[in-house]
Amino acid sequence: MLAKYEFRRHHENSKVWFGRYLSAINLPHWHYDAELILCRQGMAEISIDGKAVRLEEGDAAYVASRQIHWVNGKGAILDFLIFDHSLLGESESLCLENPMQKDAKCIASLIEEVIAEKKDKKPLYKELCDAKVVQTVSILLRNNATYRRKEVKPKETRYLELLEKIEQDYAYIRFEDASAFLGFTPAYFSNYFKRMSGVTFSSYLNAVRVEKAVPLIHERKKRMGEIAIECGFNTIRNFNRVFREVTGYAPHALPSDYSLSSWQMVRDLSAFNPTAKESLLLESSAPMNE
């Protein structure tokens with residue numbers, strides 16, 4: 001699944017996870033965990049509940065539990081500190097009016113302390129990591145304007161339902177169907193979807209269709225023409241073109257161990273470079289998912 005809810009299982013029962021990425025890029029998603037994102041080098045574009053944020057070196061952003069967000073950090077080095085939302089207690093539903101923190105030295109310091117604790121693994125290091133995160137985020141929430149997210153707004157709820165509909169009806173859903181589903185005019189829907197998702201509707205739909213085609217190609221039970229039609233492509237020529245744009249490979253040349261991940265999706269398909277090191281994990285505290 002390229003978007004919607006992202007399920008995470010933390011390693012070693014730890015409630016805090018760290019990862020440092022080069023060129024981290026993903027499609028819109030949400031999760032119950034909260035998240036701190038620090039720009040170590042370069043520049044990154046982030047959207048949180050439709051609010052665009054541009055991070056420069058030293059800046060950070062806070063993503064509260066259940067906020068829809070995506071990241072475009074091509075060429076940048078980004079630190080992600082992801083933690084169990086339950087650590088914040090009743091404050092877990094607090095969101096920042098302005099999620100960006102300029103020159104976020106306190107967050108940079110927190111990340112370095114968590115890295116050191118997880119490397120040394122001294123007694124009670126997990127508890128200390130939890131405490132450090134709670135302290136830093138609590139101060140962040142106390143010192144900045146916040147609002148309490150009681151429930152997803154109706155428009156955002158409908159947007160999430162549209163992502164689910166695309167996931168199910170990817171083979172035949174059209175732009176007109178999607179705009180009608182949200183009750184928007186085509187022009188307004190085009191702008192709204194791009195603002196929420198970071199990509200056009202057609203680019204997003206193509207990515208979902210290619211994601212569905214990958215396992216079918218690996219099974220080697222159907223011809224390419226059959227796979228193309230099953231995944232919503234009208235012609236094999238169009239299928240080949242879009243597949244190469246998304247994955248960097250022709251369908252018949254797809255490596256047997258290739259899998260398409262939302263974390264590795266590129267945002268501008270026309271500028272895709274199959275030799276670029278997209279979303280390269282440079283360092284992490286432990287495996288995120290089992």
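Reply: Start with a definition. Buried means under 20% relative accessible area, exposed over 50%, and partly exposed in between. This is a predicted model. Y249 has 32% relative accessibility, so Y249 counts as partly exposed. Y258 is buried, at 17%.

Me: How are the rings of Y249 and Y258 arranged?

Reply: Look at the angle between planes; over 60 degrees counts as edge-to-face. Here the planes are at 75° and the centres 5.6 Å apart, so the Y249 and Y258 pair is edge-to-face.

Me: How many aromatic pairs does the structure hold?

Reply: It holds 16. One joins F175 and F189: centres 5.2 Å apart, planes at 75°, so edge-to-face. F175 lies in helix α4 and F189 in helix α5, 14 residues apart, so the pair links distant parts of the chain. F175 is partly exposed at 27%, whereas F189 is buried at 0%. Ring pairs also place both in a cluster whose members include Y159, F184 and Y204.

Me: Which residues of helix α4 are buried?

Reply: First the general idea. An α-helix has 3.6 residues a turn, so residues three or four places apart point the same way. In α4 (residues 175-182), the buried ones are A178, S179 and L182. Their arc around the axis is only 95°, which puts them on the same side of α4.

Me: What do the buried residues of α4 pack against?

Reply: Helices α3 (154-169), α5 (186-197) and α6 (201-219). After α4 comes G183, with a positive phi near 75°.

Me: Where does the charged end of R158 sit?

Reply: Over the ring of F181, 3.8 Å from its centre.

Key. Residues are numbered from 1 along each chain as its sequence is written. This is a predicted model: local features need pLDDT of at least 70, side-chain atom pairs count only at pLDDT 80 or more; totals for chains, interfaces and linings use all residues. Side-chain values use heavy atoms; hydrogens and water are left out. Buried means under 20% relative accessible area, exposed over 50%, partly exposed in between (1.4 Å probe, protein chains only). Helices (H or I, at least four residues) and strands (E, at least two) are DSSP runs, numbered from the N terminus. The arc is that of the directions from the helix axis to the C-beta atoms. Contact means heavy atoms within 4.5 Å. Rings of Phe, Tyr and Trp (its six-membered ring) pair if their centres lie within 6.5 Å; planes under 30 degrees apart count as stacked, over 60 as edge-to-face and the rest as tilted. A charge sits over a ring if NZ of Lys or CZ of Arg is within 6 Å of the ring centre and within 35 degrees of the ring normal.
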